[in-house]
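Try each task yourself, then follow the solution step by step.

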Amino acid sequence: MFSRDRWREMFLTLRKNKLRTALSGFTVAMGIFIFVLLFGFGNGLKNAFEQFFVDDSTNTIWLYPGLTEKPYRGFKAKRRIIFRNDDLVDIQQNYPFFIEYVTPRITRGALVKRGKESNNYTIRAVGPGHQQAEKTLVYKGRYINEADVIDKTKFATIGRLVEKDLFGNKSSLGKHIDIGGVSFKVVGVFRDEGGDNEERLIYIPYTTRQRLEKSNDQIDQIIVGFRPSLGHTGAMALEKKLNTFMRKKHNIAADDRNGIYVRNVAADLKQTQQFASILQLIVTFVGLGTLLAGIIGISNIMVFVVKERTKELGIRKAIGATPNSVVGMILHESVFITTIAGYAGLLAGVGMLALIGDSLEEFFIINPYISTNTAVGATLILILFGAIAGYIPARRAAKIKPIIALRDE
Amino acid sequence: MIEIKDLHKSYVMGQNTLHVLKGINFNVEEGEMVAIMGSSGSGKSTLLNILGMLDVADSGTYTLDNNPIKNLDEKKAAIYRNKFLGFVFQSFNLISYKTALENVMLPLYYQKVGRKERQKRAQKYLESVGLGPWATHHPNELSGGQKQRVAIARALVSEPKVLLADEPTGALDTKTSYELMDVLQSINDQGITLLIVTHEEDIANMCKRIVHLRDGVIVEDKKVKQVKASQYVQ
């Protein structure tokens, strides 16, 4: 295998038969290239999917108030349910062992001004726990904290794009902005993986919002963050308990479908993950298909190559080549070509993926990639099958009597 | 050198069986130059192929240089061919993508001779057939006679005991044929046993012994006075 003479003989053969060498090499390189590309695209699709659905925290239960559809305990139907600050306290105090944080969210739109720049943004009035619920990444300054809530401060944490819109390239920290006619001081700037819209948000303390709105204590919705250690079953049980508790407190019938709405991200997550695994399955299937096509391609080439060389093999045998040396020679050549070409195809494919990067984002392909193990594994499989595909016809050719091979014109 | 007793060979072609060799008895001593003659279909090429271990007989015994040749697997046959025999074919059978020198070197490659030594010996044999300056040419750049001389150099380079030639002049004109026979005669003069299959009377007369085959049996086996090819070659 490592005899220098043998390598020299092989290189000579490959060099003198450039077309054949190029053809088989091209098949393998192409096979791997397409495999890497398709597999990468598949992964990109999966990434896009995950970014859409999994960017928020997964251990949250969302409570939305609604309009009752059934009369209950003397209350009429079509009563609007309103959550208040004491709901937050009650939930916190009733389930302290299950809950990490509780935060309200009051959503309003407002015209925001800074000097000559102005724009409409969504303003979310929240508690400190909201940062975890949305996985907001504060990279300058800080988020709304407990002290802000207690003191009803006019502080705001703004999105990266809000800062960019209003301040250009200057820092907004410590500067004031006008939100719907009220001046707020910027205390932090955040990023969010959820995309541009998530970075055009402004967070303020919910108590400040309530004071601005005639000092009421109303809340739009409540987000409960539970301990991840609860698991899926625990989350489902907590969801049920919260539902029952809130219905009782707000006098909503147990079978009223509109009075209160509870969304459990943990339950959604399970569906999402199922969908993701189906996507994974499709990706794998496409990959295997491409690989199979590559294997068939290289097999065809190898059969053709051996057929074409029958006479040469006969001559070699007539002048003293043993059958093993004939088989060895063909295998050596085929493994060498597939290895080099496979590696080239691999590099080209990975390079292409890197080049594409996020430019196909609008087609829902984000950060296409292929893991090293998958790529190398696929290349090895192709080399192996190239060897097998070469071995079978080579063995047959080596068995043919030289006189028959020589007669073959 | 070669001993053959009661050799039979038949080919099955569809439903017909073609009995090609019907009991051949035949000895060749070392240093002989034998022409095997016969019309086409007489079995002369089949006989040569069996002698060359390119084909196997159905029955009969074959002894080559005191080695009984029987039950050969492909590997053993390859080793014997490489060690004892050299081949020259009518259609030359050179490897087209190798130069003359590389073609001559190839049998030594299978004997695992080192590259330098291979090159030296191949060059020597190429020169002995008068093709030294053509070493780096590919077969398609050579004339028929030159190709056949490369083939002869390739057959000789492994220093065989017996050289088997199947219609070596079949694809050559008369002048080139005589030049080639001159080369073969000088090889024979160096003590190498030669078996040449031919159907040309004048080529056969340049050997020392003529064996006539007809319908699979030897009908005539005579020693002749060798005609030197050199007298026809300037």
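Two residues are in contact if their C-beta atoms, placed from the backbone, lie within 7 Å. Keep in mind that this is a predicted model.

**Exercise 1. Contacts of one residue**

Task: Which residues is Ile36(B) in contact with, leaving aside its neighbours within four places in sequence?

Solution: Step one is to set those sequence neighbours aside, and step two is to list what remains. Ile36(B) is then in contact with Lys44(B), Leu47(B) and Leu48(B), with Leu195(B), Ile196(B) and Val197(B), and with Val211(B) and Leu213(B).

**Exercise 2. The nonpolar cores**

Task: How many residues does the largest nonpolar core have, and which have the most contacts inside it?

Solution: The largest nonpolar core has 112 residues. Those with the most contacts inside it are Val36(A), Ile36(B), Val104(B), Ala153(B) and Leu195(B). Next, look for the element that gives the most to this core: helix α12 of chain A, residues 372–399, with nine residues. Finally, find another core apart from this one; it has 23 residues, including Phe155(A), Ile158(A), Val162(A) and Tyr206(A).

**Exercise 3. Buried or exposed?**

Task: Does Thr207(A) count as buried or exposed?

Solution: Start by locating Thr207(A), which lies in helix α7 of chain A, residues 206–212. Then count: Thr207(A) has 21 C-beta neighbours inside 10 Å. A residue is buried if 20 or more other C-beta atoms lie within 10 Å of its own, so Thr207(A) counts as buried. Leaving aside neighbours within four places in sequence, Thr207(A) is in contact with Val149(A) and Lys152(A). Look also at Pro104(A), 103 residues apart from Thr207(A) along the chain: their C-alpha atoms are separated by 9.9 Å.

**Exercise 4. Two pairs of helices**

Task: Which way do α5(B) and α6(B) run relative to each other, parallel or antiparallel?

Solution: Two packed helices are described by the angle between their axes and the distance between the axes. Take chain B to begin with. The axes of α5 (residues 144–157) and α6 (residues 174–189) of chain B come within 10 Å and cross at roughly 15 degrees. Angles under 35 degrees count as roughly parallel, so α5(B) and α6(B) are roughly parallel to each other. In their contact, α5(B) contributes Gly144(B), Gly145(B), Gln148(B), Arg149(B), Ile152(B) and Leu156(B), while α6(B) brings Thr176(B), Glu179(B), Leu180(B), Val183(B) and Ile187(B). These residues divide into five nonpolar, four polar and two charged.

Now turn to chain A. The axes of α11(A), residues 323–356, and α12(A) come within 8 Å and cross at roughly 155 degrees.

**Exercise 5. Where the chains meet**

Task: How many residues does the contact take from chain B and from chain A?

Solution: Chain B supplies 21 residues and chain A supplies 19 residues. On the chain B side, α2 (74–84) and α3 (100–110) each supply at least two residues. The most comes from α2(B), with five residues. Sorted by class, the side of chain B that touches chain A has 10 nonpolar, five polar and six charged residues.

Terms used. Residues are numbered from 1 along each chain as its sequence is written. Chains are lettered from A and ligands numbered from 1 in the order in which they are written. This is a predicted model: local features need pLDDT of at least 70, side-chain atom pairs count only at pLDDT 80 or more; totals for chains, interfaces and linings use all residues. A nonpolar core is a set of buried Ala, Val, Leu, Ile, Met, Phe, Trp, Tyr and Cys residues joined through C-beta atoms within 7 Å. A residue is buried if 20 or more other C-beta atoms lie within 10 Å of its own, exposed if 12 or fewer, and partly exposed in between; C-beta atoms are placed from the backbone. Helices (H or I, at least four residues) and strands (E, at least two) are DSSP runs, numbered from the N terminus. Ala, Val, Leu, Ile, Met, Phe, Trp, Tyr, Cys and Pro count as nonpolar, Asp, Glu, Lys and Arg as charged, and the others, Gly among them, as polar. Axes are lines fitted to C-alpha atoms, for helices over the stretch in contact, and angles run from 0 to 180 degrees between N-to-C directions. Angles under 35 degrees count as roughly parallel, over 145 as roughly antiparallel, 65 to 115 as roughly perpendicular and the rest as oblique.
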